[in-house]
Amino acid sequence: MGRHQTHAVQVGHITLGGNAPVVVQSMTDTDTADVNRTVDQIKLLADAGSELVRVTVNTEEAAAAIPEIYKRLEADGYTVPIVGDFHYNGHTLLTKYDETARLLAKYRINPGNVGFGNKKDDRFNTMIDVAIKYDKPVRIGVNWGSLDKELATRLMDENANAENPKPSEEILQEALVLSALTSADAAVKRGLGADKIVISCKVSRVQALISVYQKLAERSKYALHLGLTEAGMGSKGIVASSVAMGILLQQGIGNTIRTSLTPEPTGSRDREVIVSQQILQALDVRSFSPEVTACPGCGRTTSTFFRVLTDEVDAFLRQKMMNWRHEFVGVEDMKVAVMGCIVNGPGESKHANIGISLPGTGEAPSAPVFVDGEKVTTLKGGNITEEYKQMIEDYVAKTYSRRDDMIASQ
C-alpha cells in the first residue's frame, strides 16, 4: 500500500512527512531545569539514534535552561533537534523567553489544556504567532486524557439527542480527530503554513489508535506523529506499540513515531528509541542497525553459550553503530547470524552476511563461520566470542565504503 501523502515539515535539519523516511523521536524524563542530567539524557537518546528529542518546558526555570542545554550539546558536537513540550503556560513561556523560542526546533501544543473560552483562542494564537515569528513548526498534540472538554461535551450531547446515537467510544474518537484538525486549521488561518504543522491524537488502546489515525489520514494532509500514550512497561508496552504502529505504518500512515515506554526501575531511557527502530526495521520501512538472526533454542541446545554470544554480539553491534553509521555507507543493512545447532545453523548462517553456527548438544565442539554464503573458518576454544566480533569488525571494514572516501571522490 502506498504512503499517505502529507505536507513535508522541516524540523531543524530533519524532514518529516512528504516523501521523507519515517522519523524516530523520543522524550527525556529529566527535570529540564537540571541542565547536566538533561544534556546527558539527550546525548543518550541521540547516540541510540533518536532523530528528534522532546523536552518538557513547564516552568520558567525549564524555559531558561534551554539556551544552556543547546550550548552544551553544540560544544560536544550534538545537532539533534530539540522539541519543546508546552502545556497550560506555553503562551507565557514562549513570549517571555525569546532565546528559548528561537532555539527550539519545534513546539508541541496540546489544545486540550491551552485554556477555556476566549482565553483558549488567545493563548493558542499567541503560541502560533511565536511560531510564525521564528519560522518554527508546531505539533498539535491531542491526548485522550486531556481532551478539550467543551468539544467533547458538545459532541456527546449532540449524540445523545440523535435519533440513532453512536457508541460513546466512537464519539470520543471523533472529538480527538476534530480537536486536532480544527486546531491545525485555525493555525493555518492565523498564518502558519500547513507545511509547519504536525498533528497527533494519542490514546492508550491499540484499536482506538488505529481507528483515529485512519480517520486523520482520510481527512487531512498534515504530517502525522504516531504513538500510544502511556503504552506501559516492558513487553506490554512493546507489544501494544508494535501492533498499533505496525498496522498503521503498513497502511502507509505515519511520518514520525515514538514508543512511549514506561522505563523499568533499572532500565535505560534509550530503550524506547531502540524499539521504535526495531518496529520500522521489522517492516522494512528503514534500517538502523545490523539485524541479528538467532536461534530460539530447543532440546538440541542445552548449552547456554549461544544465548550469551547472541546477547554480546547484539550489544557489540549497537555500540559499534554509534561510529559505524557515520563512517560506513550501508552497514545498517548488514545481516548477522548466531545459531545454536546443526539443524538450521549452517543454512541460516549462509543466508547472513556473516554467521556462526555453534555446536548443539552432543555435536563436535567447533563453530563454522560463513561469510556471504561461504564457509571461511571454524572457531574453537574459549575465545570464540572475541574472535567472532573481530571477524564482524573486519567484514565491515572490508565490505562497506567509507563516507569520507566517497565525499572526497565527488
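Which residue in β6 does valine 83 stand opposite? I began my entries with this point, working on a predicted model.

**Entry 1: the barrel**

I found that valine 83 stands opposite lysine 106 in β6. The two strands concerned are β5, residues 82-86, and β6, residues 106-109, and they pair in the parallel sense over four bridges. I then followed the strands on either side and noted a barrel closed by eight strands, in the order β3-β4-β5-β6-β7-β8-β9-β11, with parallel pairing. I recorded for background that strands of a sheet pair through backbone hydrogen bonds, either parallel or antiparallel.

Next I looked up the helices against these strands. Helix α1, residues 35-48, packs on the sheet and touches β3 (23-27), β4 (52-56) and β5. The direction of α1 makes about 155° with that of β4. Helix α5, residues 117-133, lies across β6 and β7 (138-143), and runs at about 170° to β6.

**Entry 2: strand β9**

Which way do the residues of β9 point? I noted that Ala223 and His225 point one way from this strand, residues 223-226, whereas Leu224 and Leu226 point the other way. All of these residues are buried. The general rule is that side chains in a regular strand alternate between the two faces of the sheet. I also checked the pairing with strand β8, residues 197-202, which is parallel to β9 and joined to it over two bridges. Isoleucine 199 has leucine 224 in β9 as its bridge partner.

**Entry 3: the open sheet**

I then turned to a sheet of five strands, which is open and has the order β13-β14-β15-β16-β17 with mixed pairing. Why is one side of β13 and of β17 left without a neighbour in the sheet? Strands β13 (291-294) and β17 (374-379) stand at the edges and each has a single partner strand, so one side of each has no neighbour there. From one strand to the next, the twist averages 20°. For β13 I recorded parallel pairing with β14, residues 335-339, over four bridges. Within this pair, threonine 293 stands opposite alanine 337 in β14.

**Entry 4: glycine 373**

I located glycine 373 in the loop between β16 (367-371) and β17. Is this glycine buried or partly exposed? Its relative accessibility is 25%, so glycine 373 counts as partly exposed; the cut-off for buried is under 20%. Apart from neighbours within four places in sequence, glycine 373 is in contact with Lys350 and Ala352. Lysine 350 and glycine 373 are 23 residues apart in sequence, yet their C-alpha atoms are 4.0 Å apart in space.

How much space lies in the largest pocket? I noted about 730 Å³. This pocket is lined by 27 residues, and those closest to its centre are Gly49, Ser50, Glu51, Arg325 and His326. I found that β2 (14-16), α1 and α11 (305-327) each supply at least two residues of the lining. The largest share, four residues, comes from α11. By class, the lining has 11 nonpolar, nine polar and seven charged residues.

The second largest pocket has a volume of about 310 Å³. Its lining holds 17 residues, with Met27, Thr229, Glu230, Arg258 and Ser260 nearest the centre. Both β7 and β12 (261-262) supply at least two residues of this lining. I recorded the classes here as four nonpolar, five polar and eight charged.

How values were computed. Residues numbered from 1 in each chain as written. Predicted model: local features only at pLDDT ≥ 70, side-chain atom pairs only at ≥ 80, totals over all residues. Heavy atoms only, no water. Pairing = 2+ DSSP bridges. Axes fitted to C-alpha atoms, helices over the stretch in contact; angles between N-to-C directions. Contact = heavy atoms within 4.5 Å. 1 Å grid on protein atoms, 1.4 Å probe; cavity = no way out; pocket = protein on both sides within 12 Å on 5 of 7 lines; lining within 4 Å. Points joined across faces, edges and corners; volume = space filled by probe spheres on them. Nonpolar A, V, L, I, M, F, W, Y, C, P; charged D, E, K, R; others polar. Buried < 20%, exposed > 50% of the residue type's maximum accessible area, 1.4 Å probe, protein only.
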